[in-house]
Amino acid sequence: MFDKLESIESRYLELEKELSDPAIIANQPEYQRLAKEHADLMPSVQTFRKHRELAARLEENRELLSDADPDIRELAKEDSSQIQTELNKLEDELKRLLIPKDPNDDKDVILEIRAGTGGDEAALFASDLFRMYTKYAELMGWKVDVLSSHVTGIGGFKEVIFSLSGNRAYSRLKFESGVHRVQRVPTTESQGRIHTSAVTVAVLPEAEEVEVEIEPNDLRVDVFRSSGPGGQSVNTTDSAVRITHVPTGLVVSCQDEKSQHKNKAKALKVLRARLLDRMQQEQQDKTAEDRKSQVGTGDRSERVRTYNFPQGRVTDHRIHLSLHSLKDILAGDLDQVIEPLIQAEQERMLAEVSSGL
């Protein structure tokens, strides 16, 4: 562990020199990148330095433990005990600081919700989930922008794609990907029978243009007239856009805006996020086939959560968490689910870091 921390401190000192270089200061994008790396390393370096100072004090006290004066020996013994307790705490903190950072944590997200099994009831629940995430975004002070939606005749969503922009949005929502199941009596059910329906959620980190370069020649762009529920026309011009990325076969359609250019820009944003997600999934498959996360962020066929209306219960199956606060969670109080998920993942990664030291 301390070899790693020595290396981190060396890099931290290198960055301090680079950040005072006039040529770097003049290149603002590079300066910002290095400043962020410097800020990210600072907690580890400061904690490591504090640990080193205390370890030096403990070494000095060891000499005093054999002093001829019994009072000095007793003081040294008490001080050593306190220092050792503090060192143990700092070592635990250093292990946490060495947990690898997810490079996507600071990114905004594109969130896709699609109705699965259950017909109209699944579409209605997709609408409930959309409302839950937008309410949570409101509580977090994030901006919501609907990129694409397919509304059903009864007010549900066959599909809705939207972006959430704000402080560390991906770090909070990355564990939401997967199958969300609902158990309740549909409004159309006259016999009062409980139905089970499913909705899939995909959380994608928003990609920068420099991360995913899209060749114009790789795109096929089609325009058409947008339509509302039941096929009714809502626009008399060809403003809707369908973009096909020929090499991968990925298709994105956007029709919510009246401007063809705005629809195309939104479609490209979604396409870029999907391409980045695909690249990262392929990389993870190659490098971590045998290291399955306890929580997981990738397998969207995995059933992750059940919302049971008759019992007012929400169950997250990955960490065996059951909460009888369904109404609050659907109203946007998602942190009572998100925090335990983050904690579980941190504990898993901490155990992994500790076993490798």
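How many salt bridges does a search of the whole structure find? The search finds 31. This is a predicted model.

**Stop 1: helices 3 and 4**

Select residues 28-64, which form helix 3, and residues 70-97, which form helix 4. Their axes lie 9 Å apart. The packing angle is about 155 degrees. Because that angle is over 145 degrees, helix 3 runs roughly antiparallel to helix 4. Look at the crossing of the two: it is left-handed. Now show the side chains in the contact of helix 3 with helix 4. The contact residues divide into 13 nonpolar, 6 polar and 7 charged.

**Stop 2: Glu9 and Arg52**

Stay with helix 3 and pick Arg52. Its side chain meets that of Glu9 in a salt bridge, 2.8 Å from N to O. Glu9 sits in helix 1, residues 2-19. The two partners are 43 residues apart, so this pair links distant parts of the chain. Is Glu9 buried or exposed? Glu9 is buried, at 9% relative accessibility. Arg52 has 35% and counts as partly exposed.

**Stop 3: Asp128 and Arg184**

Next, select helix 5, residues 120-140, and strand 4, residues 178-184. Asp128 is in the helix and Arg184 is in the strand. Their side chains form a salt bridge of 2.8 Å, N to O. The pair ties together parts that are 56 residues apart in sequence. Check the surface at each partner. Asp128 counts as buried, with 17% relative accessibility. Arg184 is buried too, with a relative accessible area of 12%.

**Stop 4: Lys266 and Asp145**

Move to helix 7, residues 260-287, and strand 2, residues 143-151. Find Lys266 in the helix and Asp145 in the strand. A salt bridge joins their side chains at 3.4 Å, N to O. How many residues apart are the partners? They are 121 residues apart, and the pair links distant parts of the chain. Lys266 counts as buried, at 11% relative accessibility. Asp145 is partly exposed, with a relative accessible area of 24%.

**Stop 5: a network**

Finish with a group selection. Which residues do salt bridges with shared partners join into one network? Select Lys36, Asp40, Asp102, Asp105, Asp106, Arg168 and Lys174. Salt bridges that share partners connect these residues into one network.

Notes:
Residues are numbered from 1 along each chain as its sequence is written. This is a predicted model: local features need pLDDT of at least 70, side-chain atom pairs count only at pLDDT 80 or more; totals for chains, interfaces and linings use all residues. Side-chain values use heavy atoms; hydrogens and water are left out. Axes are lines fitted to C-alpha atoms, for helices over the stretch in contact, and angles run from 0 to 180 degrees between N-to-C directions. Helices (H or I, at least four residues) and strands (E, at least two) are DSSP runs, numbered from the N terminus. Angles under 35 degrees count as roughly parallel, over 145 as roughly antiparallel, 65 to 115 as roughly perpendicular and the rest as oblique. A crossing is left-handed if the near helix is turned anticlockwise from the far one by less than a right angle, and right-handed if clockwise. Ala, Val, Leu, Ile, Met, Phe, Trp, Tyr, Cys and Pro count as nonpolar, Asp, Glu, Lys and Arg as charged, and the others, Gly among them, as polar. A salt bridge is a side-chain nitrogen of Lys or Arg within 4 Å of a carboxyl oxygen of Asp or Glu. Buried means under 20% relative accessible area, exposed over 50%, partly exposed in between (1.4 Å probe, protein chains only).
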